[in-house]
Amino acid sequence: MVEIMISIPVIFVTIFVGAILTYLIKLIMPKVEAYFALLVSAATSYMAFALPKTESIYKFNLGSFNLMWGNNEYSHLFAMLVAVLGFFVVLYSMDFMAGKVNLGFYYFNLLVSIGSMLGIVYSQDFLSLFIFWEIMTWSSFMLVIYAQDEKFSVGIKYFVFSAIGAYLLLTALVILYTNSGSFLLEDNINNFIYLSSQNQILVIIFLIIGFGVKAAMMPFHVWAPDAYKAAPSSFTALFSGALSKMGIFGIGLVLFKFAIQNTDYFTYFQFALAWLGGITALLSTFYAVFQTDAKKLLAYSSIGQLGYIIVGLAVGTPLSIMSALLLTILHGAFKAMLFMSAGAVYYRTGLLDMNETRGLIRKMPLTFLTALMGIITVAGVPPLGGFVSKWMLYEALIQSNYYFLVIIIFVASTAAFLYLYRFIFSLFLGQEEKEFENVKEVPIKMIIPMLLLAGFTLAVGVVPGFVLEQISKAMGYLGIQTPNWENSVLFSNWENSSVNLMSVATSIGILFVLGAIFLTIKNYRSTRYVTTKDIHTSGEVPTENENLTFAVNFYQPFERSLGSVIKPSIDRIFNLIGKNIESAADYLRYIYTGNGQTYAMYVILFFVVLILFADLMFGFKF
Amino acid sequence: MEITYDKNAQEILSTIKSFARKSSLWVIAYGTGCGAIEIPPTMTSRYDAERFGIRGSATPRQADVLLITGYLAVKTLKRVIRTYEQMQDPKYVIAFGSCTINGGMYWDSYNTIKLLDKYIPVDVYINGCMPRPEAVIQGFIKLQELIMNKKAEGAAKYKENLEWYRENQRKIIHNWRMPEYNW
Amino acid sequence: MDSFWMKILGFVITPLVAFAVGVTYGGIVRKITARIQNRVGPPIYQNLLDITKLYSKKTAVNHGVMQHLGPVFAITASVTSLFFVPVLRDSSFWFNLSFDGDLIFLLYMMVFGSLGMALGAGQTGNPNSAIGVSRGLALMVGYEIPFVLSLVALMIQFQTTSIHGLLAVQDTFSSWIIFQSPFATIAGILAFLGMMHYAPFDVPFAPAEVASGPASEFGGKYLALMMTSGSIFTFVKLVLFVNIYFGGAEDLLTLILKTFILYMIPVLTGIVNPRYRTEQAIQFFWKWPTVFGIIAILIVVL
Amino acid sequence: MQNNLELENKIAEKIKIAFQTAEVQVQRKQRIKVNLNEDLVHPFLTFAKNTLSYKHLSHISCVDWIEDNQFELVYILLSYDSLVQIIAKTRINREKAEFPTARNYWPQVETYEREIHELYGINFVGNDHLVDFVLEDWEDLPPMRRDFDTVKYSQEHFFNRPGREDAQDVRKTVTKHSGEELPDLAKIYSVRN
């Protein structure tokens, strides 16, 4: 009975109508809208899970265009990510956003962005993909500027970059359409080979940039740190965790459905994209080390992690793609965890500046646990999930020919320890100050999503099989041979190069428990707790207001050592890229007058230009 | 759940403990007076205290022995008490030079205490102004003997008579802003 | 059934041996340092006495759960890494879990303990600890580059990421990796200097500057557990390096000989050297060791 | 040697011209002593700093002239150009021990003034950081004042080792045992003679 009801249009109707209803309910009955939004997202998530993976195809015509929505293994992977994270974020928002203004607006946009993400992954044609893409951009833009104060320019920067991406996407789509005469993904894939080689390259580059902007790939990352910071933490979790993954979704599709057909240039694409990803990972990691704002730090970290994913996709061996897709899912989980815990700290203290927050561990133990598991996952330390994807990526890189890229990735992930420790130390460790005396643990509705995600990372670290199964199916859809995998053993192509996660977890677990029991039982009664003011300070008694936490300029020695080698050049590169792009973006901003009619005119103008362009370049006659 | 050992085993165990404690004395480097200058020669090549297991330690949490090297001004005494209380039991105090014994040449100073053992329990005094490194090592060996015979119970004394010590300490440290010592 | 119990026995014996060897090495190092400084020096079992004394301390303070668990993280990491390293070449008794993990796993497993310690040190709220951790992490980025370059060169050259794979190519004396790819070995050994945290790379734990850094608030049983884990970890690193570069060892005697010689490299360097500042240390690693590592990779690739 | 004092004399002349009431005396090579009235100290410090390029204030000291009911403040200045020290002295009233701070000319003066405030109880008007320096929580008379009895204080506040409660001068005991005469200087400076 239920199964009949679940189809893609029903999902869309549920979430989009639900979004509108949420907005209306807020007008009529305030304080109910959050529960309604939760209901809507729960229903959507349930349906996304229950949606049959292969049969659910919905075809319709829009004007003269044949359009199609459908689910496949690859879509299902991303749909699950979106569904789970979307539900968790709505749950988290209920308390996090309570008492804020414009809640109807917030939930409306949140639900719409979740819906549009599902739309993107379910689209089997380029036109609806593009429309959903724009809806997603627009709704996330609304949430970036949600907190009104001075963040409009940040939002504009994000919007302009998205617009650049969207225009490139659109150009590519038009080229594709002129070739195949259809927007359907399948037709385009089949007819791609008939495009001229030059156009093939153009299309691929445009599509990759168009998708890459959302994935904050360098050099199109400029919008990301500010936008991630400006949006409410609850949405940033979704923004970084799921929304940026839409770029990865697109890049995966482009690389393995289109670019792979262009056998001459495919290796060049791979090479360029891999190195771009590697440099993204390295530079953004170094940049994250020197941030003082917790959310900006996480934002740079997010850019870096997406760099890894791009590397994994670009290298293109089965193992690397598997690691990239696993990292996609995991990054959704752990970055949501980290943003949520940063948001939890913000919720209780109103602070995100890491020079000011400190010593919250005993006040917010569960949040600390989440953040701890989050950073262990990001760092790739066993026995949590990050290790699985890191291990696969390294094995894949070493076994393909990217010798120096593996060094760059390794350095980036070692340097990641620096900012990760900074993050957890500044928020939770250090002196317990009197000003945070009344801080309590966040409400249960915020804790539950964090802990569930943390449990997920642990599960992936011990028995990754349940995720790898879906990933290998998705890889099957992309037409890539699946590497060996077992429930809890990692394999690579080389002999003996395997890791038995179960024995790792058993060993760590048993030893940890034994050690903890030993340490706790031994002289249990004579172990006493002392406050953090009771520390060795050469006999001096610290006064109440004495600042004893080492937080400012945390990595000064590291900064100094980079000073002579890399730092100036990083700065120079970033300034060059950043300044130029930002000023260009500023210039573009004048296009946005805020008048609907001008926008309509732009669209018409754009199409005219496109037609002329297509006419001149490709001899296509409308 | 109380684990009861055989009496002999208990004795052997406590002898091992005492032996380990006596053979590994970590000294908190707290130079209070002029005597601090005698410590470097004691520790380095000429007199080499490390052959007795005596080693410097950086913080009171790791240390076993608090070495009071000379006169104590009231201001310094406060820090010494703090440092002593931060050390982990079992802990020992060696007082150094005549200033800690009877005030020495600072007997009439308005700002230096004259009797250290009224403020913190002293296990071993080393006489002299200043004692030579040989004397310092002699003091350490005396302390080792005391530990082996389980007579170096300064910390227990302090814990028992905390009220009395506190009274004495508060008499000269007027503005008492110290955290409570909760053993 | 029999082999199962043998395996359990292995899990018990290996850490004990590792601890014994690590502690004795620590004592020998103190003795050697003393002799070089023209002193008598403590007995070679001095470190054991120290650890026993610390365990027998009657009291211990902590600043919270994370500090309480910090040493547990450390001991877990060192013993787990030990289980994943084949201690002797052909004796399955000493293999433990070494077929269940490879070099990349070990690299990350070794960080686990430092991470736990860093968190524990962070909770104490002592600024010295945090400074020590910050220095240690920065230093880690320094020495990790040549070390990874060296390992990647070896992995590419011998087409394996497992230690058993690397051991398999070093059957005879002349096929030790130090002879097969000397540049990778040099880079690895230079990184090893930093990894052991002896002078001139002891800036995270500098007692005179930051009051022994991360450990500055740890005393009693906490410090004892840390020192135990440190002894085991020293052994793990030594065995790992012997296995990678010096052909492993067939019996315990050879193992002790090889590890001891290897251990003397950082120790003897440390005794006669002053301390680098963090940035100097990092820049040291990013100059010649990195160049050697790159040369090693280029030789393999070209 | 007299002709080597040219520089000192030149500086002394300049001071004499600017401050006619000041007693200026060239004590020896590289040292000039200036006795000033209470109200001329600050003009003099400004003059020395700006006109005579005395960039460095080495120390501020204090002497308790209890017989005259006065405190003497001593400012020791040094010029890096001429390397001649100026010792500027002034006397202030002991009962109402107040003096304007010189912190505006040299920031390090704050520490010296803190010390003098603690040990002599002179209030430096304008220096808002006259907090505890060496003595923590001192409640008695400032200890360097000559009417403060340090022996009495120490006997009242600190424990005595039995056998030393008389706290006699060691030298007296020594002379008694050895039969030697106590030196004259010792007689003068001995605390309890």
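Axes here are lines fitted to C-alpha atoms, for helices over the stretch in contact, and angles run from 0 to 180 degrees between N-to-C directions. The legends below describe close-up views of a predicted model.

**View 1. Helices packed on the sheet of chain D.** Helix α1(D) lies across β1 and β2 of chain D, and its direction is at about 170 degrees to that of β1(D). Helix α3 of chain D, residues 109-120, also packs on the sheet, where it touches β3 and β4 of chain D. The direction of α3(D) makes about 10 degrees with that of β3(D).

**View 2. The five-stranded sheet of chain D.** The strands form an open sheet with mixed pairing, in the order β1-β2-β5-β4-β3. At the edges stand β1 and β3 (56-65) of chain D; each has a single partner strand, so one side of each is left without a neighbour in the sheet. From one strand to the next, the twist averages 20 degrees. Nine bridges link β4(D) and β5(D), which pair in the antiparallel sense. Leu73(D) has Thr90(D) of β5(D) opposite.

**View 3. The two sides of helix α1 in chain D.** This helix comprises residues 6-18 and reaches 18 Å from its first C-alpha to its last, close to the 18 Å expected for its 13 residues. Glu8(D), Ile11(D), Ala12(D) and Ile15(D) are buried. These four lie on the same side of α1(D), because they cover an arc of only 100 degrees around the axis. An α-helix has 3.6 residues a turn, so residues three or four places apart point the same way. The cover over the buried residues of α1(D) includes β1 (23-28) and β2 (31-36) of chain D. Glu6(D), Lys10(D), Glu13(D) and Ile17(D), on the other side of α1(D), are exposed.

**View 4. Two cis peptide bonds in chain B.** Most peptide bonds are trans. The bond between Asp89(B) and Pro90(B) is cis, with omega about -5 degrees. Pro90(B) sits in the loop between α3 (74-86) and β4 (92-96) of chain B. A cis bond also runs from Cys129(B) to Met130(B), where omega is near -10 degrees. Met130(B) belongs to the loop between β5 (124-126) and α5 (133-148) of chain B.

View 5. Most residues other than glycine have a negative phi. Asn38(C) has a positive phi, near 65 degrees, and is placed in the loop between α1 (2-36) and α2 (46-55) of chain C. Asn38(C) counts as exposed because it has 11 C-beta neighbours inside 10 Å. For Leu83(D), phi is positive at about 60 degrees. Leu83(D) lies in the loop between β4 (70-78) and β5 (85-93) of chain D, and is exposed, with 10 other C-beta atoms within 10 Å.

Key. Residues numbered from 1 in each chain as written. Chains lettered and ligands numbered in written order. Predicted model: local features only at pLDDT ≥ 70, side-chain atom pairs only at ≥ 80, totals over all residues. Buried ≥ 20, exposed ≤ 12 C-beta atoms within 10 Å, placed from the backbone. Expected span 1.5 Å × (residues − 1). Arc of directions from axis to C-beta. Contact = placed C-beta atoms within 7 Å. Pairing = 2+ DSSP bridges.
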